[in-house]
Amino acid sequence: MRVNGKGLIDRSAPVGFTFDGVRYDGFEGDTVASALLANDIRLVGRSFKYHRPRGVLTAGSEEPNALITVGRGAEAEPNTRATVQEVFEGLEAVSQNRWPSLGLDLMAVNDLAAPFLGAGFYYKTFMWPRAFWEKLYEPVIRRAAGLGALSGLPNTDRYERAWAHCDLLVIGAGPAGLMAALVAARAGLDVILADEDARMGGRLLAETHAVAGKPGHGWVAEVLAELSSMENVRLMPRTTVTGAYDGGTYGALERVGHHRPRDDARRPRECFWRIVTRRAILCAGAIERPVAFRNNDRPGVMTAGAVRAYLNRWGVAPGRTVTVFGNNDDAHRTARDLVAAGVHVAAVIDSRPGVTLEGFRVISGAEVCNASGAKALESITIRHQGREEKIATDCLAMSGGWNPSVHLTCHMNGRPTWAGDILSFVPSPGAIPGMDVAGACNGAFSTAACLREGAEAALRAAEALGKRAAMPDLPLAEDDPYRIAPLWHVPGKGRAWLDFQNDVTVKDVKQAAVENFRSVEHMKRYTTQGMATDQGKNSNVAALAVLADATGRGIPETGTTTFRPPYVPVSIAAMGAGAEGPGFAPQRFTTSHKAATERGAPMIEAGLWYRPSYFPAPGETTWRQACDREVAMVRNAVGICDVSTLGKIDIQGPDAAQLLDFVYTNTFSTLAQGRVRYGLMLREDGFVMDDGTTARLGEQHYVMTTTTAAAGLVMKHLEFVHQCLRPDWDLSMISVTEAWAQFAVAGPKSRELLNGLLDQPIDDATWPFMSCGKIAVQGIEGRLFRISFSGEHAYEIAVPARYGDSLFRLLVARAEGMGGGLYGMEALNVLRIEKGHITHAEIHGRTTAFDIGMGRMVSQKKDCIGKTMSERPGLMDPERERLVGLRPVGAVRQILAGAHLFNEGDAAVRVNDQGYVTSTCFSPTLGDTLALAFLKRGPERYGEKVRMVDHARGVETLCEVVNPVFFDPEGGRVRG
Amino acid sequence: MRITCPICGARDSREFSYRGAALALQRPAPDAGDDAWADYVHLRENPAGDTRELWYHEGGCGAWIVVTRNTVTHEVRSAELAAEVAR
Ligand SMILES: [Zn+2]
């Protein structure tokens, strides 16, 4: 029911929305919860486990009951708190966890079965027989107990992630936060003020107190106006700071689009912020706790502060005949405000004796011991001086006291401290480095105290950052004492609810204690207390008190459970924004990417790079046909392949040669200028790290080539060796991978092709195998390397990347005119297997130079990275699995990578394992399957037969062990 | 977590890659013996408290940095250029 003359909503701006298909009216400034209460809707949800009818309990993000699904189809957002969701024209909300409807929920039979579903029921009831769990219990429980359902459709909305930096992050914009931000901003600090509410002001919007002689919200408006006018202040409403992390980093969720219709602007729904700040002040306020008594979960039973908020901020009376129940003075304000607004207050029940108040009936020293009404509260029963009395009421405003919102102060392992005067926990000082705490979250509950603490914390922050700030004249505000007496639960029969969202009762917690789950962490897991999406914000302290009582300990000795981020649920869509699909990882494209895609080449990923798999020709229907053709082309004419993805590291300086000698097993200082050498690089533990060619372009100038996969690793390694092990050496290096477009020109006609292209023709005398130097193509300077991965007479030609596309097209056109053409990764792989050349399939991190037959490449004349460890006896043992070639000799011609090798006659079991296959292909050149493998004593066993057994795919092939260089073992072709 | 790169300033830890204990700076001589080499390559302390470790500013300037960090509080106490520590 709306109350005339009350509230900060805009009554000139009506807004229509639907709840469970029925249209309701609200106003601009309403939440779904306030608008539903204004329309006298009390029943808004069903509880998680027992499907009990539930209504709005709170007025903030701690709401455990009023969870709704907003929107439909792919746009549906389940588990939205109605107390946070603002209404807008056309909003569609539906209730959750009920079937077939909210009013008639057949799953409410769970409530009748409650004796069997109490704490620990999962563990006790459904342990046995095991098969029943998967097939029967779990599906049934999952259907019966739950929250809102996901749409099952891909999320079509946009989300964002962003960073922000500031001097001071103020968390919460109530009186303390506003005062802190104002003082700090006036001192010149770069301030971010974040508040989870749509409207800043905190409790000042929900109370009738005057501040500086003005209504509280009026003072708020003035402060916000000043802050908005300052360039060093950033106001972030609708932004919940969700976590405190190392180094002054905070996570925050901004609800950007939830409060208005989706429009064409493609505004994100949410933005997940990482805020890095030098200092922070937590002004998160406090959360009121309910009192546990029988049926305290009836719709219409609310926290006293929430009732006040609905009245003062939203102009809504949540009931026509309200009763108030509490153990502290603050609860009385609810009665006073209601009466002042003309709402009938039937009684104020105060658990403390001797309380007298004017203006309404006060029952002192009494307790509410039951609530009645099926889907809405109809009456309460009070116990007073041994007698029970029933009072008709449709709204009970209850207060068990206020809990400071200490959550963020505990995110880095801090534990809060028990404060006996307010019967709650307060933050322990210094729990988060750089974070100060002020106001109600620090246990200072009066408005005057909040204003003072906020200002003082800002002064400390300014001082810590070397700024001069002045203590302002604090505005005059209420400074009432907060008086409270313990009242956690009202004894009696029936179920008294602690955790509304997870349906945990006082009895459940006591049962946990009886069964010796006395540790608070054990009790939590046994009862699921505090494990719902609200993380027990309303209930944890009361549950602790009940556990303390049941175990005969004090609350401080009982301790708290661990507070972890996030403070409120954060959607995975927001945390992972931009990281799905192509955003998952950066994509690197070569300069020939466009030309390759034009030819229909399927791409495969090589690290972050995309490389063409093969180039389908007309009439070809399988990749094998294309691959076989491309291999033959290279062997018989000339092929072109983009090899720009290989890492290229430019190394220069007087000590460049020394560095190469130190990182490679072989020697590079003796390499002549204009020559290229193959090099092998080890890790310090003696295993192979990478291989590649390095060219000496000048006396002090080398260009190293790495494999595509290890480019980053090798760069990091070289920088480590230089900076950490040989800092005095004079050299520098830089990755030039993307600066050069480099293409392999391979095949017997490669020189002929180049000579039609290069400004100066080349011949075998000036450009022998393993030579390198400058060339020019149509006046463009480039580099030429006579190196070969295919085993053919071949070159790699490099030009600055901006000429890559055009050179590529020129090369391809010429190759095609000579009976050659493009080849992709599949053909490249076949060509190298035919030659027994290794890749990271062979140097996979567990193989040594000895294993791959390159033991003699470890120079005995010098030290190098990995040398000492590579000489460990175990790594030189001839019994090791060493590189060999395999060819099938039986009827089965298939060899599969990953398969294991066994001696003929041995069972194919682990103890008989002789090795494994690393690479395999069909060789069109040799007309058969070839494979590279590691085999015990491999090189000593050429001519022997071994069984290849692939247990996973059920294939067995008899193979002959051969030299891994299958094709042209003399290497005549490469010298051409 | 944030690391103050001596060259670039305070940056988020995502810009860096981790290597392990700064012991890696003390490479033994080739003839130092099996024990020294086994310790260098394989053995690492696992302290509850201050630890010195190597980070590489991979998403930044490429500097190797010796970071002194407390494994209990996560506090980053100092960050020095490895090239200067190694000299
Ligand atoms: Zn840096």
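## The surroundings of A:H793

A:H793 touches A:V745, A:A746, A:G747, A:P748, A:S750, A:R751, A:R786, A:R973, A:V974 and A:G976, leaving aside residues up to four places away in sequence. These contacts, like everything below, come from a predicted model. The histidine sits in the loop between strand 42 (780–785) and strand 43 (794–800) of chain A. Its relative accessible area is 5%, so A:H793 counts as buried, the cut-off being under 20%.

## Helix 16 of chain A

Helix 16 of chain A runs over residues 623–636, which makes 14 residues.

Side chains of opposite charge can pair when their charged atoms come close. Over all chains, the count comes to 63 salt bridges.

One of them joins A:E207 and A:R308, with an N to O distance of 2.9 Å. This pair links distant parts of the chain, 101 residues apart: A:E207 lies in the loop between strand 9 (191–194) and strand 10 (210–211) of chain A, and A:R308 belongs to helix 7 (residues 304–312) of chain A. Both partners lie under the 20% cut-off and therefore count as buried, with relative accessibility of 11% for A:E207 and 1% for A:R308. The two also take part in a network of salt bridges that links A:R203, A:E207, A:R308, A:D330, A:R333, A:E478 and A:D480.

Two further pairs have other surroundings. A:D25 and A:R23 meet in a salt bridge at 3.5 Å, N to O; A:D25 is partly exposed at 48% relative accessibility, while A:R23 is exposed at 53%. A:E160 and A:R158 meet at 3.3 Å, N to O. Here A:E160 is partly exposed, with a relative accessible area of 31%, and A:R158 is partly exposed as well, at 30%.

## Where chain B meets chain A

How many residues of each chain are in contact? On the chain B side there are 28, and they touch 28 residues of chain A. The area buried between the two chains is about 2,200 Å², and carbon and sulfur atoms give 57% of it. In chain B, the residues that lose the most area to chain A are B:R2, B:R27 and B:W64, together 29% of what that side buries.

Ten residue pairs are in polar contact between chain B and chain A, with both residues at pLDDT 80 or more. The elements of chain B that give two or more residues to this side are strand 3 (17–21), helix 1 (34–42), strand 4 (50–56) and helix 2 (82–86). Helix 1 of chain B gives the largest share, five residues. By class, the chain B side has 16 nonpolar, five polar and seven charged residues.

Three salt bridges are found across this interface. The side chains of A:D728 and B:R87 meet in a salt bridge at 3.0 Å, N to O.

Notes:
Residues numbered from 1 in each chain as written. Chains lettered and ligands numbered in written order. Predicted model: local features only at pLDDT ≥ 70, side-chain atom pairs only at ≥ 80, totals over all residues. Heavy atoms only, no water. Contact = heavy atoms within 4.5 Å. Buried area = accessible area lost by both parts, 1.4 Å probe. Salt bridge = Lys/Arg side-chain N within 4 Å of Asp/Glu carboxyl O. Polar contact = N/O pair within 3.5 Å; in protein donor to acceptor, adjacent residues only side chain to side chain. Helix = DSSP H or I, 4+ residues; strand = E, 2+ residues; numbered from the N terminus. Nonpolar A, V, L, I, M, F, W, Y, C, P; charged D, E, K, R; others polar. Buried < 20%, exposed > 50% of the residue type's maximum accessible area, 1.4 Å probe, protein only. Expected span 1.5 Å × (residues − 1).
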